[in-house]
Amino acid sequence: MTGNSLLSVEDVTVNLPTPRGNLRAVDHVDLTVGAGRTLGVVGESGCGKTMLSRAILQLLPKKAKLSGRVMFDRQDLLRLSPEKLRKLRGRSLAVVFQDPMTSLNPVLTIGTQLIETLQEHLELDDAAATRRSVELLAAVGIPAPEQRLAQYPHQLSGGMRQRVAIAIALSCEPKLLIADEPTTALDVTIQAQILDLLAREQRRRHMAMIIITHDLGVVAGRTDEVAVMYAGRVVERAPTPDLFKKMRMPYTEALLAALPRLDAAPHTPLPAISGRPPDPTRPLRGCSFAPRCRYAVARCQAEKPALEAAETSAHQFACFHPIEAHAGADV
Amino acid sequence: MAFFVARRLLYLVPVLIAVSLLTFSIASLLPGDLAYTILGDQATPENVAALRRDMGLDQPIWWRYLSWLGGVLQGDFGRSFRTGQTVLQAVGERLPVSIELMLLAQLGALGIGVPLAIICAARSGGSFDRFMTGTAFGMLSVPTFLSAILLIYFFAVELRWLPATGYVPFAEDPAANLRFMVLPALTLALAEWPSIMRVLRSDMIATLQEDYIALAKAKGLKASRILFVHALKPSSLTLVTITGINIGRLIGGAVIVETVFALPGIGRLLIGAILTRDLIILQGVVLLVGAGFVIMNFIVDLLYAVLDPRIRHGHA
């Protein structure tokens, strides 16, 4: 599994101590991303997808307990010295956060925030770093890049700020970019632009990417593989075309059904997933989706289904009663 | 930026007028007739009436206020009826002492408080942080006269490193001047560093939770750069505010410390004026100190804009 993959997350579990007890944010997750490939991680709020990304970046809250193994570029990130980890972050492992309103420092200029990253990892003098920053801003589609260097984040729109955040992430040609809900905080009209920008830069730079989102529509057509997360676990994992052709896990189906559709008749009620995710401080004995699942039977409440491969080894799901003959939805 | 400064300067005008009104009413609203105070209880009614006419005390209050304000605007704050010194002379002699004391005290307080706050915030919840937070809380409750006496006891009486009281002007002998200033400045610094450390620590801890700090870590920046460049500046607005208030307060003299260490500063001028009912000096000093305070706050406002570009551009 570790063989030729760039990143492999092996049996990773994240526990967070809270006043209400131990919260298992990520529960025995296995994932791999090959060099230059794209993985989509999908799930609703609170399913642990952001904690998973923070676990990969080693940016978990101080109190969080992480077990398992995160191999990146043949190095075990959990065992890396802080200094080696620092040299890796921003250099070969980069991230774009969800909210560009809060992820850029309000008191530093765009130029400072770009140049400091470049100078931290690449030995560039001021003039070279400035030149490179202008190129990066131009590459992410920011007009008048020279003037932007002296501006502060609040002088730019949300979409422009996210482009700056992407420029910062791309600045040192990372091998892996983690985009944690990169478009959630943006206007719908900007979302597609940002996703297309990420896809274009990824192809150009041959970098691997993990797109974390709650929107199955975002991963369709933009990823090689999709992992669906629920209550801290990966519940279905498949190459993207297979997943949309033949989804097996009832949760994936419900998630897709909950997408608003343009071709639906006006006033069609949105088939929302009823109920709420289980309380992560109180683990369920059976399948964590069982309380909300319309196919659930007694066995689902009593036993936890394992993530197993079905007809093809690439398509895995954790369900006793997978959906059989549902034709793939066209997204 | 120029527009921002101009607007802030305009705000100063009504505030300064209010300060002058309040200051003037001190002298006018205090019980007792100023003429009696000057002449003593042996004065004849004729003498009193004559003096009241001379000083304009028989005029209506608004007229007296306007003529006093007119004098102030021309630099005439009046003259002490006890020593004959003008207010400006009296203040001019003592202001350098108070300002030097204030500057040294601020340097000391910031020098102790800021580094401790940064270390505590970087390791919040750790044993050093808990120890320092407790110490700061304890120090906050020590009154200045007590720490002054303890410092005198240790450094002047026991160790004999520094003089206990007295003053030499800086221009006469800088080294001796500083030796006299160390203990009073340290006394004030000891009183002020806890509040500096506590506000900066809690602001820093809040800042370190921000997304942009997580991104700074994800960018692989050095811990020192994250703390000093990314976290310190956005965390220092409250720090600037309380430092501004401390400076403004100390321009008016540190009454207790100047008294304990026998420093001829503004604080002792003020106390002397109160004790001898020298109302002209009192009124003039209070006005100047009030104006100093207001101008200090103006500088603090400008510093906000320097620290946070959003204020500079009118976004916050």
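**Domains of chain B**

I began with the C-alpha centres of domain 1 and domain 2 of chain B, which lie 33 Å apart. The model is predicted, and I kept that in mind throughout. I looked up the bounds next: domain 1 of chain B runs over 2-73 and domain 2 over 88-308. I then checked the contacts between them. 15 residues of domain 1 of chain B are in contact with 13 residues of domain 2 of chain B. On the domain 1 side, helix 1 (2-29) and helix 2 (34-39) of chain B each give two or more residues. Helix 1 of chain B has the largest share, with twelve residues. I sorted this side of domain 1 by class and got eleven nonpolar, three polar and one charged.

**Annotated spans of chain B**

I turned to the UniProt record, an unreviewed entry. Its "transmembrane region" annotation covers residues 9-30, 101-122, 134-156, 176-194, 250-274 and 280-307 of chain B. I compared two of these spans with the model. Residues 9-30 of chain B are 95% helix and 0% strand, with end C-alpha atoms 32 Å apart. Residues 280-307 of chain B are 100% helix and 0% strand, and here the end C-alpha atoms are 41 Å apart.

**Helix 7 of chain B**

I checked the length of helix 7 (residues 144-158) of chain B. Its 15 residues should span 21 Å at 1.5 Å a residue, and the end C-alpha atoms are 20 Å apart, so the two agree. I also looked for a bend. Helix 7 of chain B bends by about 25° at Ile152(B). Ile152(B) is also one of the buried residues of this helix, together with Ser147(B), Ala148(B) and Leu151(B). I noted the general rule that residues three or four places apart in an α-helix point the same way, because there are 3.6 residues a turn. What covers the buried residues of helix 7 of chain B includes helix 8 (174-208) and helix 12 (255-260) of chain B. After helix 7 of chain B comes Arg160(B), with a positive phi near 55°.

**Pro264(B)**

I looked up Pro264(B) in the loop between helix 12 and helix 13 (266-275) of chain B. It has 17 other C-beta atoms within 10 Å, so Pro264(B) is partly exposed. Leaving out residues up to four places away in sequence, Pro264(B) touches Arg94(B), Val97(B) and Tyr167(B). I also took one distance, C-alpha to C-alpha. Pro264(B) and Ala35(B) are 28 Å apart in space and 229 residues apart in sequence.

**Domains of chain A**

I moved to chain A. Its assignment gives domain 1 as 5-92 + 174-317 and domain 2 as 103-171. The centres of these two domains of chain A, taken over C-alpha atoms, are separated by 29 Å. Contacts link 15 residues of domain 1 of chain A with twelve residues of domain 2 of chain A. Helix 8 (residues 188-205) of chain A supplies the largest share of the domain 1 side, seven residues. By class, I found nine nonpolar, two polar and four charged residues on that domain 1 side.

**Chain A against chain B**

I ended with the contacts between the chains. 25 residues of chain A are in contact with 19 residues of chain B. On the chain A side, helix 2 (82-88), helix 3 (100-103) and helix 4 (110-121) of chain A each supply at least two residues. Helix 4 of chain A gives the most, with four residues.

Technical notes: Residues are numbered from 1 along each chain as its sequence is written. Chains are lettered from A and ligands numbered from 1 in the order in which they are written. This is a predicted model: local features need pLDDT of at least 70, side-chain atom pairs count only at pLDDT 80 or more; totals for chains, interfaces and linings use all residues. The expected span of a helix is 1.5 Å times one less than its number of residues. The bend at a residue is the angle between axes fitted to the seven residues ending there and the seven starting there. A residue is buried if 20 or more other C-beta atoms lie within 10 Å of its own, exposed if 12 or fewer, and partly exposed in between; C-beta atoms are placed from the backbone. Two residues are in contact if their C-beta atoms, placed from the backbone, lie within 7 Å. Domain bounds come from an automatic or database domain assignment. Ala, Val, Leu, Ile, Met, Phe, Trp, Tyr, Cys and Pro count as nonpolar, Asp, Glu, Lys and Arg as charged, and the others, Gly among them, as polar. UniProt positions are given in the numbering used here, feature names are shortened, and annotations may be inferred rather than shown by experiment.
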